[in-house]
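User: Please go through the structure below with me, one point at a time.

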Amino acid sequence: MRIDRATIFCLRIPFVEAFRHSTSVRSFSDSIVVRVTAEDGAVGYGEGVARRYVTGETVESTVSHVANQLWPAVARADFSAISLSHDPLSALSSISAALPDHGPGDGPDRVIAWHGARAVIELALIDCLLRSEGLSLGQLLPAKRPSVTYSGVITAGSIQDAVKHARYFKLFGLKYLKIKIGTANPVQRVAAIRNAVGPEISLRVDANGAYDTVTAARVLSALREFGVGAAEQPIGRCHPNELAQLRVSSPIPIMADESLVTLADARALIHARACDHFNLRISKCGGIFRTLQMARLAASAGLRVQLGSHVGETAILAAAGRHVAAHLDQVEFVEGSYGTLLLAEDVSRESVVFGHGGVASLLRGPGLGIKVREEVLRNYAQNIISLQIARPALAERRKGKCLC
Amino acid sequence: MSIRSLVESEYAAQTEAFASSEIFKSLRSGNVPAKVYDEFIARLCRTHLNSPQILAFLYSLAPPRVAESLKHNMLEELGLDEAGIAHSELLLRLARAAGFDQRACAELKTQSQAELHRLCTDPILFGTFREFGLTVLLEVTCFEWTLARLGKAIGDLLAEHRGLSWEDLLWFTHHAEVDQRHAEEGLDAVVEYANYYEFDETDFRLITEIVFRENVLLKRYFAKSEVSRPTLMLSL
């Protein structure tokens, strides 16, 4: 099975509300979606998210990487030997291996890893190959639980807005809330939300690296009395030993997020005993296969896992996340699937938004389990780029000789 | 602020934002091609062809004091009242007058049905029908409130710029008349619903804000997403 063509959609879907955290304000989704078409006509969709402050990628550099580095490799590859039904993990490994790894870039805009780019292509290939065989991702990654329970995330606006959002989520029956905190009154913010939602709801905080080590230690100590279950990335991406030092003094378990992009990061964090939780995000981690590898490392080191998401992910990454969250042996918190709670319109025919209590059922359809609405992609695309194999090269390839 | 005035101020804000939107003003100006009017007519039909089913749902949840008026509203939509005019027929007459052939009208019905299907299959964020019913009631009565005020103006602009006759536009003139009454009854129904189901003020306000965080009129009639109140998004 070979892939004949691909199309990149650079989306700009407005949010119905802005989402703010300590390092960024976002009012639209800028996800990158790729549609691949196989020689048998099967179509698959993937999605990746470029975040300069996480992987170092931008939308422009990610699109360029997909078009110039990953697409030629995909166009050359023959996926016929991959048997999705016989050995799922080996199949996922083979798909991931077909994508070349490029080291970090140089200069001030250094890219830590081209993981958003890898994720968009990997998901599209998985979706396409599964659809070609009439299989669901759930058959490759069997579910360990009958449903997935999502958390709400409270944006870092005013305390008044944050409390209002907390009340929305309480009304929706959510049992887990993550609060974005920064340098402005973090303790008052958490106190006000705890007061609004009561003692039953699990709270955790995410600072997106807003503090230095001394401030972080002080804030986490002050948050202790509010029953905070975990503190995500209190300090910026740094040497794991710095995070480990903070962890020793913190009364709240530490979760690594921006510090955890690559497998090497995961091993270094474990080695330094730098955290209690890994926050895995499919796009940040470079796709499903690498996310599963990191989850396995976490489990072997006794760390707990959150399957997180990037703000503005559409139904494509949400669907992939649903499958992975259902499949993992242990997952403490799950984020994402906000769909039209955040986006003016989502890309799938069926809603991926969770229901009351944050509970969402499993997806059982072919591929990732959703039907992507091409008209929505076109409606919100800022840029559409077609990638094809040059005709002579395609002819040669079909004769068995690859010139791509 | 009482529930009635809170809700009415939300309806007024929604209506004002709709009436002053660029897309609506462009329809009024006549400076857009016929296909823009036709797209509006299609979306209007898709929105309102399901009204009897939606009203039946609301009737099933209705507090006893307002059940009769909701039932009458539903029967009116079905053409089973004393006037005997099925509103779905008025919508399809409008569509046919705008040039929608039999196949296109069938497609409108299919799309409308698909919307109902989606409503029934999408996960519900609220724990009970009590909250979900309030969201539906608020949206339905907002449309009635708006149509009571803008129905005639919309009919007039379609007559002037799309060349539709008075008979073709009966749905608007009819709504402009009966929705005066429905709008008042709708407000009564919301107040009674809030009291009957014992909503506290905080939850009622939260649900109202959730329903009207976007402009429901622009969303349904023009597929435009526009937040309805100043938010972080608009202050960027």
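User: Among contacts in chain B between residues at least 6 apart in sequence, what share joins residues at least 24 apart?

Analyst: This is a predicted model, in which local features need pLDDT of at least 70, side-chain atom pairs count only at pLDDT 80 or more, and totals for chains, interfaces and linings use all residues. Residues are numbered from 1 along each chain as its sequence is written, while chains are lettered from A and ligands numbered from 1 in the order in which they are written. Two residues are in contact if their C-beta atoms, placed from the backbone, lie within 7 Å. Of the chain B contacts between residues at least 6 apart, the share joining residues at least 24 apart is 73%.

User: How many helices does chain B have?

Analyst: Helices are DSSP runs of H or I with at least four residues, and strands are E runs of at least two, numbered from the N terminus. Chain B has zero strands, and its number of helices is 11.

User: What radius of gyration does chain B have?

Analyst: The radius is taken over C-alpha atoms, and the globule rule is 2.2 Å times the number of residues to the power 0.38. For 236 residues a compact globule would come near 18 Å, and chain B agrees, with 18 Å.

User: Is A:Gln233 buried or exposed?

Analyst: A:Gln233 lies in the loop between strand E10 (228-232) and helix H8 (240-249) of chain A. Buried means 20 or more other C-beta atoms within 10 Å of a residue's own, exposed 12 or fewer, partly exposed in between, with C-beta atoms placed from the backbone. Because A:Gln233 has 25 other C-beta atoms within 10 Å, it is buried.
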